[in-house]
Amino acid sequence: MTKPVVLHIGEPIKYNHEFYNSEFLARFDVVRNDALDRSSFIQALKERRYGDFVAIYRPHFQSGGEMGQWDDELIGLLPDSIRIFASAGAGFNWADVEALGRRGIWYANGAGASDEAVSDTALYMILSVFRNFTRAQLAARTADPEIFTATHKLIATISQNPQGHILGIVGLGNISKKVARKAQALGMLVHYYDVFRQTPEVEQSLNVTYHDTLESLLKVADCVSLHTPLNQHTRHMINAQTLKLMKPGARLVNTARGEVVDEDALIEALVSGSLSAAGLDVHYHEPQVSPRLAAMENVTLTTHIAGGALNTRINFELNAMKNILATVGSNGEFIGQPSTPVNAKHVLEYLSTHP
């Protein structure tokens, strides 16, 4: 019996060989993409080089993006047989997931695999912007006793403990729920804003305070931590106008996506002193970091490594396979839903009209 075909994009699997060989290959035949630029990939889809594949599998978020943005041009060339696009990585701004959903194609990301790592990074950023750890590290690395001594004296006059301060979380998902608990362990009070409010039971168990507008949250938070996907609604969510609403001397942490923040407006707020510090794991023109931000001692910068732990990589690879297995049957039919869908609304609307 012929098995359904999965199109594998990007590098081969690296970690979960036993599961791949015993579980995944028992259900599917896997073909690798050999068209390594956009025009070649488009031609391959037009030629139906990979046949009527039922799924796309991208196990590593740092490869498999050679075809560029998954927009209508690419999505329109996918075969009718496809059921799911299962990818590593938590972000999905490189794919029009709503357009996929309108074709009845699930998009499943790597949510969950990086929760611990990203929340740890956010906590590090929160500590750093309150305690000026980056300024201290830069001074220590000069190996200059005078700079060391001067910074030692300065830090004690400009730093505060996070305890007793309000952490404002924008987007209360699985990652930021972990951030909330970790920040509360430091003695912080946690408020949040999200377009979808949590149930009273969840709010009570997390001991968080809800705000029904972003503006309301920004006005009370001593530190704002961003945990929202990048889309047309969230691009420049933090801008010159919203930054003006923040408390004088407030702090901003971004482990989400660079373009959620208007970088020029952020720089101006830091220069003027209306923001006292920022922590950024993601950057507007990534991988280019703003030279102006890099020169600021009150800005903590990392290289988009919030989820960058080996545990994350292993689970990204594994969970993408599990999402395909949960969704596609031995005849290529729908048998269920992925565990981490990001476009459920659009897929379910499609399926309700295409039984």
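Tutor: Start at Leu-280: its bridge partner in β12 is Leu-301. This is a predicted model, where local features need pLDDT of at least 70, side-chain atom pairs count only at pLDDT 80 or more, and totals for chains, interfaces and linings use all residues. Residues are numbered from 1 along each chain as its sequence is written, and side-chain values use heavy atoms, leaving out hydrogens and water.

Now widen the view. Strand β11 covers residues 275–280 and is joined to β12 by three bridges. The two strands run parallel. Strands are DSSP runs of E, at least two residues long; helices are runs of H or I, at least four; both are numbered from the N terminus. Two strands pair if DSSP finds at least two bridges between them.

Next, the whole sheet. Seven strands form an open sheet with parallel pairing. Read across, the order is β8-β7-β6-β9-β10-β11-β12. Look at the edges: β8 (208–211) and β12 (299–301) each pair on one side only. On average, neighbouring strands are turned by 20 degrees against each other, direction ignored. Axes here are lines fitted to C-alpha atoms, for helices over the stretch in contact, and angles run from 0 to 180 degrees between N-to-C directions.

Finally, the helix. Helix α8 (residues 174–185) packs on this sheet. Helix α8 touches β6 (166–170), β7 (189–193) and β8, where contact means heavy atoms within 4.5 Å. The direction of α8 makes about 175 degrees with that of β6. So β8 is both an edge strand and one of the strands that α8 touches.
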